[in-house]
Amino acid sequence: MTSEETIALFDRYVIGNYRRYPVCLVRGEGSHVWDAEGKRYLDFFPGWGCDLIGHCPPRVVKAVQEQAAQLIHVPNTWYMEAQGRLAQALVEKSGIADAQCFFCNSGTEANEAVIKIARLNGKPKGRYKIITMLNSFHGRTLGALSATGQPKYHKGLEPLLAGFQYAPFGDLDAAAKLIDNETCAIMLEPIQGEGGINLPPAGYLEGLRSLADQHGLMLIFDEVQTGMGRTGTWYAFQNFNVVPDAITLAKALAGGVACGGLIARKPYAEKLVPGTHAATFGGNPIACQAALATMETIEEDGLLERAFAIGDRFRDRFEKLRARTPLIQDIRIRGTMIGVELSIDGAPIVDGCLKKQLLINVTHGNVIRLLPSLTLTDEELQAGCDILDEVLLAQGK
Ligand SMILES: Cc1ncc(COP(=O)(O)O)c(C=O)c1O
(Lines give C-alpha, C1' and ligand atoms only; values in the text may rest on other atoms or scores of the structure.)
Protein backbone atom coordinates (compact mmCIF):
# COMPACT_ATOMS: atom_id res chain seq x y z
CA MET A 1 0.00 0.00 0.00
CA THR A 2 1.15 3.55 -0.66
CA SER A 3 1.16 6.14 2.14
CA GLU A 4 -1.77 7.79 0.40
CA GLU A 5 -3.84 4.60 0.40
CA THR A 6 -3.15 3.98 4.09
CA ILE A 7 -4.09 7.57 4.94
CA ALA A 8 -7.37 7.10 3.04
CA LEU A 9 -8.15 4.05 5.22
CA PHE A 10 -7.55 6.13 8.33
CA ASP A 11 -9.74 8.95 7.07
CA ARG A 12 -12.61 6.52 6.67
CA TYR A 13 -12.15 4.03 9.51
CA VAL A 14 -9.90 5.35 12.32
CA ILE A 15 -11.15 7.85 14.90
CA GLY A 16 -9.34 11.14 14.46
CA ASN A 17 -8.20 11.73 18.05
CA TYR A 18 -4.55 12.14 17.00
CA ARG A 19 -2.97 14.85 14.90
CA ARG A 20 -0.91 12.79 12.44
CA TYR A 21 1.74 13.81 9.95
CA PRO A 22 1.02 12.58 6.40
CA VAL A 23 3.68 9.89 6.53
CA CYS A 24 3.12 6.13 6.80
CA LEU A 25 6.06 4.38 8.45
CA VAL A 26 6.82 0.78 7.55
CA ARG A 27 10.27 -0.07 8.85
CA GLY A 28 12.79 1.02 11.47
CA GLU A 29 16.39 0.33 12.40
CA GLY A 30 18.38 2.14 15.09
CA SER A 31 17.68 5.87 14.75
CA HIS A 32 16.14 5.63 11.28
CA VAL A 33 12.66 4.88 9.97
CA TRP A 34 11.42 4.45 6.38
CA ASP A 35 8.05 5.34 4.89
CA ALA A 36 6.00 3.29 2.45
CA GLU A 37 7.74 4.99 -0.49
CA GLY A 38 11.19 4.09 0.84
CA LYS A 39 12.06 7.57 2.09
CA ARG A 40 14.40 7.48 5.11
CA TYR A 41 13.99 9.72 8.18
CA LEU A 42 16.42 10.37 11.03
CA ASP A 43 14.46 10.01 14.26
CA PHE A 44 15.29 12.25 17.23
CA PHE A 45 12.01 11.29 18.92
CA PRO A 46 11.81 7.53 18.38
CA GLY A 47 8.54 6.04 19.51
CA TRP A 48 7.70 9.06 21.69
CA GLY A 49 10.37 7.90 24.10
CA CYS A 50 9.55 4.19 23.87
CA ASP A 51 12.40 3.30 21.52
CA LEU A 52 15.17 4.31 23.92
CA ILE A 53 17.55 1.74 22.47
CA GLY A 54 16.55 2.42 18.86
CA HIS A 55 14.04 0.95 16.46
CA CYS A 56 13.97 -2.86 16.34
CA PRO A 57 16.85 -3.46 18.78
CA PRO A 58 18.26 -6.88 17.82
CA ARG A 59 18.19 -8.52 21.27
CA VAL A 60 14.57 -7.41 21.78
CA VAL A 61 13.54 -8.66 18.32
CA LYS A 62 15.09 -12.05 19.06
CA ALA A 63 13.57 -12.31 22.55
CA VAL A 64 10.09 -11.47 21.23
CA GLN A 65 10.36 -13.91 18.33
CA GLU A 66 11.49 -16.74 20.58
CA GLN A 67 8.87 -16.10 23.25
CA ALA A 68 6.08 -15.73 20.67
CA ALA A 69 6.92 -19.15 19.28
CA GLN A 70 6.81 -20.68 22.76
CA LEU A 71 3.93 -19.08 24.68
CA ILE A 72 2.27 -15.77 23.82
CA HIS A 73 0.11 -15.01 26.79
CA VAL A 74 -0.20 -16.24 30.35
CA PRO A 75 -2.76 -14.62 32.63
CA ASN A 76 -1.80 -13.68 36.17
CA THR A 77 -3.53 -16.69 37.68
CA TRP A 78 -0.30 -18.56 36.82
CA TYR A 79 3.36 -18.02 37.51
CA MET A 80 5.81 -17.24 34.72
CA GLU A 81 9.57 -17.03 34.94
CA ALA A 82 10.08 -13.91 32.79
CA GLN A 83 7.86 -11.73 35.00
CA GLY A 84 9.67 -12.87 38.13
CA ARG A 85 13.09 -12.25 36.59
CA LEU A 86 12.06 -8.79 35.33
CA ALA A 87 10.75 -7.79 38.76
CA GLN A 88 14.04 -8.91 40.31
CA ALA A 89 16.09 -6.94 37.76
CA LEU A 90 14.05 -3.75 38.18
CA VAL A 91 14.18 -3.91 41.96
CA GLU A 92 17.92 -4.62 42.00
CA LYS A 93 18.60 -1.65 39.72
CA SER A 94 16.51 0.59 41.98
CA GLY A 95 18.64 -0.25 45.02
CA ILE A 96 15.43 -0.25 47.10
CA ALA A 97 15.99 -3.47 48.98
CA ASP A 98 12.45 -4.37 50.03
CA ALA A 99 10.66 -3.25 46.85
CA GLN A 100 8.23 -5.30 44.75
CA CYS A 101 6.73 -4.81 41.27
CA PHE A 102 3.34 -4.81 39.59
CA PHE A 103 3.03 -4.96 35.78
CA CYS A 104 0.54 -3.48 33.33
CA ASN A 105 0.72 -2.22 29.74
CA SER A 106 1.16 1.56 29.73
CA GLY A 107 2.16 4.61 31.73
CA THR A 108 -1.33 5.73 32.56
CA GLU A 109 -2.16 2.27 33.91
CA ALA A 110 0.97 2.26 36.05
CA ASN A 111 -0.15 5.57 37.53
CA GLU A 112 -3.68 4.27 38.15
CA ALA A 113 -2.14 1.42 40.12
CA VAL A 114 0.05 3.70 42.22
CA ILE A 115 -2.87 6.05 42.92
CA LYS A 116 -4.77 3.04 44.25
CA ILE A 117 -1.81 2.07 46.44
CA ALA A 118 -1.62 5.60 47.86
CA ARG A 119 -5.35 5.62 48.61
CA LEU A 120 -5.41 2.11 50.09
CA ASN A 121 -2.49 3.08 52.29
CA GLY A 122 -4.11 6.33 53.40
CA LYS A 123 -7.63 4.99 53.90
CA PRO A 124 -7.35 3.78 57.53
CA LYS A 125 -6.39 7.34 58.56
CA GLY A 126 -8.99 9.01 56.34
CA ARG A 127 -6.31 10.24 53.90
CA TYR A 128 -6.95 10.33 50.17
CA LYS A 129 -5.60 13.61 48.77
CA ILE A 130 -2.59 13.55 46.48
CA ILE A 131 -0.44 16.57 45.70
CA THR A 132 0.81 16.67 42.10
CA MET A 133 2.45 19.44 40.08
CA LEU A 134 1.31 22.02 37.58
CA ASN A 135 2.49 21.21 34.03
CA SER A 136 2.76 17.54 34.94
CA PHE A 137 1.64 14.72 32.69
CA HIS A 138 0.58 11.38 34.10
CA GLY A 139 -1.67 9.89 31.42
CA ARG A 140 -5.12 9.92 29.86
CA THR A 141 -7.26 7.55 31.94
CA LEU A 142 -9.41 9.51 34.34
CA GLY A 143 -7.38 8.88 37.50
CA ALA A 144 -4.04 9.69 35.92
CA LEU A 145 -5.63 12.60 34.07
CA SER A 146 -6.91 13.98 37.37
CA ALA A 147 -3.33 13.77 38.65
CA THR A 148 -2.16 15.70 35.58
CA GLY A 149 -1.83 19.38 36.49
CA GLN A 150 -2.83 20.82 33.11
CA PRO A 151 -6.41 22.16 32.89
CA LYS A 152 -6.35 22.03 29.07
CA TYR A 153 -6.44 18.21 29.25
CA HIS A 154 -9.33 18.22 31.76
CA LYS A 155 -11.66 20.36 29.66
CA GLY A 156 -15.03 18.77 29.04
CA LEU A 157 -14.25 15.66 31.10
CA GLU A 158 -15.17 17.01 34.52
CA PRO A 159 -15.94 16.00 37.18
CA LEU A 160 -12.54 14.42 37.64
CA LEU A 161 -11.41 12.08 40.39
CA ALA A 162 -11.54 13.97 43.68
CA GLY A 163 -8.58 14.79 45.87
CA PHE A 164 -5.83 16.08 43.55
CA GLN A 165 -4.18 19.38 44.40
CA TYR A 166 -1.57 21.02 42.20
CA ALA A 167 1.55 22.91 43.24
CA PRO A 168 3.91 24.73 40.86
CA PHE A 169 6.80 22.40 39.93
CA GLY A 170 9.91 23.45 41.83
CA ASP A 171 8.07 25.34 44.60
CA LEU A 172 8.61 23.47 47.86
CA ASP A 173 6.70 25.96 50.01
CA ALA A 174 3.64 25.72 47.77
CA ALA A 175 3.64 21.93 48.12
CA ALA A 176 4.07 22.22 51.91
CA LYS A 177 1.10 24.59 52.14
CA LEU A 178 -1.19 22.08 50.42
CA ILE A 179 -0.55 19.31 52.95
CA ASP A 180 -3.35 18.67 55.43
CA ASN A 181 -4.49 15.70 57.50
CA GLU A 182 -6.26 14.19 54.47
CA THR A 183 -3.14 14.14 52.30
CA CYS A 184 -1.75 10.67 51.54
CA ALA A 185 0.93 11.25 48.87
CA ILE A 186 3.05 13.57 46.77
CA MET A 187 3.40 12.44 43.17
CA LEU A 188 5.56 13.96 40.44
CA GLU A 189 7.87 13.42 37.50
CA PRO A 190 11.40 14.03 38.80
CA ILE A 191 12.03 15.80 35.48
CA GLN A 192 8.86 17.01 33.76
CA GLY A 193 8.65 15.72 30.21
CA GLU A 194 5.49 16.75 28.38
CA GLY A 195 5.40 19.95 30.46
CA GLY A 196 8.54 21.19 28.68
CA ILE A 197 11.58 19.21 29.97
CA ASN A 198 11.65 21.02 33.31
CA LEU A 199 14.56 20.12 35.58
CA PRO A 200 13.98 20.22 39.35
CA PRO A 201 15.74 23.06 41.18
CA ALA A 202 18.58 21.99 43.49
CA GLY A 203 17.26 20.49 46.73
CA TYR A 204 13.63 20.36 45.56
CA LEU A 205 13.19 16.58 45.34
CA GLU A 206 15.12 16.13 48.58
CA GLY A 207 12.85 18.74 50.19
CA LEU A 208 9.77 16.84 49.05
CA ARG A 209 11.25 13.68 50.57
CA SER A 210 11.62 15.47 53.92
CA LEU A 211 8.06 16.82 53.72
CA ALA A 212 6.74 13.33 52.95
CA ASP A 213 8.66 11.86 55.89
CA GLN A 214 7.54 14.61 58.24
CA HIS A 215 3.85 14.12 57.39
CA GLY A 216 3.79 10.36 56.79
CA LEU A 217 3.10 10.69 53.03
CA MET A 218 4.09 8.43 50.17
CA LEU A 219 6.55 10.01 47.73
CA ILE A 220 5.79 8.74 44.22
CA PHE A 221 7.95 9.40 41.16
CA ASP A 222 6.41 9.00 37.73
CA GLU A 223 9.41 7.77 35.76
CA VAL A 224 7.42 6.76 32.69
CA GLN A 225 9.45 9.17 30.55
CA THR A 226 12.62 9.51 32.62
CA GLY A 227 13.15 5.84 33.47
CA MET A 228 15.27 2.98 32.14
CA GLY A 229 18.50 4.89 31.50
CA ARG A 230 17.17 7.92 29.66
CA THR A 231 18.91 10.31 32.06
CA GLY A 232 22.15 8.33 32.41
CA THR A 233 21.06 6.32 35.44
CA TRP A 234 18.55 3.47 35.50
CA TYR A 235 16.01 5.76 37.15
CA ALA A 236 16.15 9.55 37.17
CA PHE A 237 15.88 9.64 40.98
CA GLN A 238 19.40 8.19 41.07
CA ASN A 239 20.67 11.54 39.73
CA PHE A 240 19.54 13.12 43.00
CA ASN A 241 19.98 12.46 46.69
CA VAL A 242 16.52 11.04 47.15
CA VAL A 243 14.75 7.68 47.19
CA PRO A 244 11.00 7.58 46.44
CA ASP A 245 8.53 5.10 47.93
CA ALA A 246 7.22 4.11 44.50
CA ILE A 247 8.24 4.55 40.87
CA THR A 248 6.01 4.11 37.82
CA LEU A 249 7.46 2.99 34.49
CA ALA A 250 6.39 2.37 30.89
CA LYS A 251 7.60 3.83 27.55
CA ALA A 252 11.21 2.56 27.25
CA LEU A 253 10.76 -0.32 29.68
CA ALA A 254 10.49 -3.03 27.00
CA GLY A 255 12.38 -1.54 24.06
CA GLY A 256 9.20 -0.44 22.26
CA VAL A 257 6.94 -3.34 23.24
CA ALA A 258 3.92 -2.27 25.30
CA CYS A 259 4.78 -2.72 28.96
CA GLY A 260 4.12 -0.70 32.10
CA GLY A 261 4.89 -1.33 35.70
CA LEU A 262 5.59 0.01 39.10
CA ILE A 263 8.12 -0.58 41.83
CA ALA A 264 6.99 0.10 45.38
CA ARG A 265 8.53 -0.35 48.78
CA LYS A 266 7.08 -3.40 50.54
CA PRO A 267 4.86 -1.58 53.11
CA TYR A 268 3.08 0.09 50.16
CA ALA A 269 3.29 -2.76 47.67
CA GLU A 270 1.48 -5.08 50.05
CA LYS A 271 -1.63 -2.88 49.95
CA LEU A 272 -2.41 -4.40 46.52
CA VAL A 273 -3.95 -7.58 47.88
CA PRO A 274 -5.97 -9.87 45.57
CA GLY A 275 -9.12 -8.12 44.43
CA THR A 276 -7.75 -4.57 44.62
CA HIS A 277 -6.17 -4.37 41.16
CA ALA A 278 -5.38 -6.34 38.01
CA ALA A 279 -4.42 -6.10 34.32
CA THR A 280 -5.19 -9.04 32.03
CA PHE A 281 -2.19 -8.49 29.76
CA GLY A 282 0.04 -7.09 32.54
CA GLY A 283 3.45 -8.72 32.82
CA ASN A 284 2.83 -11.05 29.89
CA PRO A 285 5.85 -13.13 28.83
CA ILE A 286 6.47 -11.32 25.53
CA ALA A 287 6.59 -7.90 27.22
CA CYS A 288 8.74 -9.21 30.07
CA GLN A 289 11.22 -10.95 27.75
CA ALA A 290 11.43 -7.72 25.72
CA ALA A 291 12.11 -5.73 28.89
CA LEU A 292 14.79 -8.18 30.03
CA ALA A 293 16.45 -7.95 26.60
CA THR A 294 16.27 -4.15 26.80
CA MET A 295 18.00 -4.11 30.18
CA GLU A 296 20.62 -6.55 28.93
CA THR A 297 21.30 -4.30 25.93
CA ILE A 298 21.66 -1.17 28.06
CA GLU A 299 24.00 -2.97 30.43
CA GLU A 300 26.16 -4.91 27.97
CA ASP A 301 26.50 -2.06 25.47
CA GLY A 302 27.37 0.52 28.16
CA LEU A 303 24.44 2.73 27.15
CA LEU A 304 24.00 4.50 30.49
CA GLU A 305 27.32 6.28 30.00
CA ARG A 306 26.35 7.01 26.41
CA ALA A 307 23.30 8.98 27.66
CA PHE A 308 25.60 11.54 29.29
CA ALA A 309 27.82 11.81 26.20
CA ILE A 310 24.81 12.34 23.92
CA GLY A 311 23.40 14.99 26.27
CA ASP A 312 26.75 16.83 26.33
CA ARG A 313 27.03 16.82 22.54
CA PHE A 314 23.52 18.19 22.09
CA ARG A 315 24.23 20.89 24.70
CA ASP A 316 27.36 21.89 22.83
CA ARG A 317 25.48 22.14 19.51
CA PHE A 318 22.56 24.11 20.96
CA GLU A 319 24.85 26.51 22.87
CA LYS A 320 26.66 27.24 19.61
CA LEU A 321 23.35 27.77 17.85
CA ARG A 322 22.11 30.02 20.65
CA ALA A 323 24.98 32.36 19.87
CA ARG A 324 23.65 32.64 16.31
CA THR A 325 19.91 33.11 16.88
CA PRO A 326 17.77 34.93 19.45
CA LEU A 327 15.07 32.25 19.01
CA ILE A 328 16.64 30.00 21.66
CA GLN A 329 15.54 31.11 25.12
CA ASP A 330 16.70 28.19 27.24
CA ILE A 331 18.39 24.80 26.90
CA ARG A 332 17.42 22.07 29.38
CA ILE A 333 19.18 18.74 29.13
CA ARG A 334 19.63 15.66 31.31
CA GLY A 335 21.09 12.74 29.41
CA THR A 336 18.84 12.09 26.43
CA MET A 337 15.97 14.23 27.74
CA ILE A 338 16.50 17.37 25.75
CA GLY A 339 14.44 20.55 25.78
CA VAL A 340 15.11 23.75 23.86
CA GLU A 341 12.73 26.57 24.66
CA LEU A 342 12.01 28.92 21.77
CA SER A 343 10.65 32.43 21.66
CA ILE A 344 8.24 31.33 18.90
CA ASP A 345 5.68 28.59 18.33
CA GLY A 346 7.53 25.37 17.57
CA ALA A 347 5.11 23.80 15.05
CA PRO A 348 6.83 25.32 11.96
CA ILE A 349 10.15 23.93 13.20
CA VAL A 350 8.71 20.41 13.35
CA ASP A 351 7.31 20.85 9.82
CA GLY A 352 10.60 22.28 8.53
CA CYS A 353 12.56 19.36 9.97
CA LEU A 354 10.08 16.82 8.58
CA LYS A 355 10.60 18.25 5.10
CA LYS A 356 14.31 17.58 5.60
CA GLN A 357 13.60 14.07 6.88
CA LEU A 358 14.31 14.70 10.55
CA LEU A 359 11.68 13.72 13.13
CA ILE A 360 11.45 15.89 16.25
CA ASN A 361 8.74 16.90 18.70
CA VAL A 362 7.52 20.16 20.17
CA THR A 363 5.79 20.20 23.53
CA HIS A 364 4.13 22.94 25.52
CA GLY A 365 3.84 25.00 22.33
CA ASN A 366 7.38 26.31 22.17
CA VAL A 367 9.75 23.69 23.56
CA ILE A 368 11.60 21.47 21.10
CA ARG A 369 11.67 18.08 22.81
CA LEU A 370 14.14 15.45 21.72
CA LEU A 371 14.22 11.97 23.24
CA PRO A 372 16.88 10.37 21.04
CA SER A 373 17.92 6.79 21.31
CA LEU A 374 20.93 5.85 23.43
CA THR A 375 22.27 4.13 20.30
CA LEU A 376 22.36 7.39 18.31
CA THR A 377 25.82 7.70 16.74
CA ASP A 378 27.87 10.91 16.77
CA GLU A 379 27.49 11.16 12.98
CA GLU A 380 23.70 10.87 13.22
CA LEU A 381 23.66 13.43 16.02
CA GLN A 382 25.69 15.93 13.99
CA ALA A 383 23.61 15.34 10.83
CA GLY A 384 20.35 15.93 12.71
CA CYS A 385 21.71 19.02 14.46
CA ASP A 386 22.84 20.43 11.10
CA ILE A 387 19.21 20.17 9.93
CA LEU A 388 17.91 21.76 13.13
CA ASP A 389 20.41 24.61 12.73
CA GLU A 390 19.29 25.20 9.17
CA VAL A 391 15.58 25.16 10.02
CA LEU A 392 15.92 27.36 13.10
CA LEU A 393 18.19 29.88 11.40
CA ALA A 394 15.83 30.11 8.41
CA GLN A 395 12.89 30.64 10.76
CA GLY A 396 14.70 33.36 12.67
CA LYS A 397 15.26 35.44 9.52
C1 LIG B 1 5.56 11.11 32.67
C2 LIG B 1 4.47 10.37 31.95
N3 LIG B 1 3.60 9.66 32.66
C4 LIG B 1 2.62 8.96 32.06
C5 LIG B 1 2.47 8.96 30.70
C6 LIG B 1 1.37 8.16 30.05
O7 LIG B 1 1.91 7.04 29.45
P8 LIG B 1 1.04 6.18 28.39
O9 LIG B 1 0.85 7.02 27.19
O10 LIG B 1 1.88 4.96 28.16
O11 LIG B 1 -0.23 5.86 29.08
C12 LIG B 1 3.36 9.70 29.91
C13 LIG B 1 3.21 9.74 28.45
O14 LIG B 1 3.72 10.59 27.76
C15 LIG B 1 4.38 10.43 30.55
O16 LIG B 1 5.27 11.16 29.86
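Select Glu194 first. Leaving out residues up to four places away in sequence, Glu194 touches Phe137 and Thr363; contact here means C-beta atoms, placed from the backbone, within 7 Å. This is a predicted model: local features need pLDDT of at least 70, side-chain atom pairs count only at pLDDT 80 or more, and totals for chains, interfaces and linings use all residues. Residues are numbered from 1 along each chain as its sequence is written.

Stay on Glu194. The loop between β7 (183–188) and α8 (204–215) holds this residue. Helices (H or I, at least four residues) and strands (E, at least two) are DSSP runs, numbered from the N terminus. Is Glu194 buried or exposed? Glu194 is buried, as 23 other C-beta atoms lie within 10 Å. A residue is buried with 20 or more other C-beta atoms within 10 Å of its own, exposed with 12 or fewer, and partly exposed in between.

Now jump to Gly302. Gly302 follows α10 and has a positive phi, near 60 degrees.

Step back to α10, residues 285–300. The helix has 16 residues and reaches 22 Å from first C-alpha to last, close to the 22 Å expected at 1.5 Å a residue. The expected span is 1.5 Å times one less than the number of residues. Of its 16 residues, 13 are buried, so α10 is largely enclosed by the rest of the structure.

Next, show the largest nonpolar core. It has 105 residues, and those with the most contacts inside it include Ile186, Met218 and Ala290. Such a core is a set of buried Ala, Val, Leu, Ile, Met, Phe, Trp, Tyr and Cys residues joined through C-beta atoms within 7 Å. Helix α10 gives the largest share, nine residues. Domain 1 (3–56 + 303–395) and domain 2 (59–300) both contribute, so the core lies between them. Those bounds come from an automatic or database domain assignment.

Zoom in on Met218. Beyond its neighbours within four places in sequence, its contacts include Ala118, Cys184 and Tyr268.

Note on methods
Contact = placed C-beta atoms within 7 Å.
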